[in-house]
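Here are some notes to be read alongside the coordinates, moving from the overall fold to single residues.

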Amino acid sequence: GQPTMGCRVVEWHGHQVSLVCFKLDGGETVHLFTVAREAMGNAPTEHPQFSSAGRYSTAAWSRDDKVYLLAASRGEAVLKKVL
């Protein structure tokens, strides 16, 4: 339900990854990466798993044959609002 700012397909370890960027109310940018489950050696569960990577907070989960990673620089609370 949020407007997109842009999208692209990038290559990661020989697999195509879709990237869609959203601008949330308040100006926060959230990045959603989607990749085929087969590209991940240890795919996350269906329930989002939260973590931090550098200045970004992330949420990762799997559904069917895809793995999703949501990233934002303003913390886990922002990710939970999106999910």
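1. A residue is taken as buried when its relative accessible area is under 20% and as exposed when that area is over 50%. By this cut-off, 33% of the 83 residues of the protein count as buried. The model is a predicted one, and the remarks below should be read with that in mind.

2. As for sequence separation, 32% of the contacts between residues at least 6 apart join residues that are at least 24 apart.

3. On overall dimensions, a compact globule of 83 residues would have a radius of gyration near 12 Å, and the protein agrees with this because its own value is 12 Å. Along the principal axes, the C-alpha atoms fill a box of roughly 35 × 25 × 25 Å. The accessible surface comes to about 5,500 Å², with 50% of it belonging to carbon and sulfur atoms. As for charge, the mean position of the 9 positive charges and that of the 8 negative charges are 8 Å apart.

4. Which residues make up the largest nonpolar core? This core has 10 residues, namely Phe22, Leu24, Val30, Leu32, Ala59, Trp61, Leu70, Ala72, Val78 and Leu79. Two or more of them come from each of strand 3 (29-36), strand 5 (56-63), strand 6 (66-72) and helix 1 (76-82). In soluble globular proteins, nonpolar side chains tend to be buried together.

5. Two residues deserve a look for their contacts beyond four places in sequence. Val78, a member of the core, touches Leu24, Glu28, Val30 and Ala72 when residues up to four places away are not counted. Thr58, which is placed in strand 5, is buried because its relative accessible area is 13%; leaving aside neighbours within four places, Thr58 is in contact with Gln49, Phe50, Ser51, Ser52, Leu69, Leu70, Ala71 and Leu79.

6. Most residues other than glycine have a negative phi. His13, in the loop between strand 1 (4-12) and strand 2 (15-23), has a positive phi near 50°, and His13 counts as exposed because its relative accessibility is 66%. Asp64, in the loop between strand 5 and strand 6, also has a positive phi, of about 55°, and with a relative accessible area of 62% Asp64 is exposed.

Conventions. Residues are numbered from 1 along each chain as its sequence is written. This is a predicted model: local features need pLDDT of at least 70, side-chain atom pairs count only at pLDDT 80 or more; totals for chains, interfaces and linings use all residues. Side-chain values use heavy atoms; hydrogens and water are left out. A nonpolar core is a set of buried Ala, Val, Leu, Ile, Met, Phe, Trp, Tyr and Cys residues joined through side-chain atoms within 4.5 Å. Buried means under 20% relative accessible area, exposed over 50%, partly exposed in between (1.4 Å probe, protein chains only). Helices (H or I, at least four residues) and strands (E, at least two) are DSSP runs, numbered from the N terminus. Contact means heavy atoms within 4.5 Å. The radius of gyration is taken over C-alpha atoms; the globule rule is 2.2 Å times the number of residues to the power 0.38. Accessible areas come from the Shrake-Rupley method with a 1.4 Å probe; for residues, only the protein chains shown count as cover. Lys and Arg count as positive and Asp and Glu as negative; His and the chain ends are not counted. The place of a charge is taken as NZ of Lys, CZ of Arg, CG of Asp or CD of Glu.
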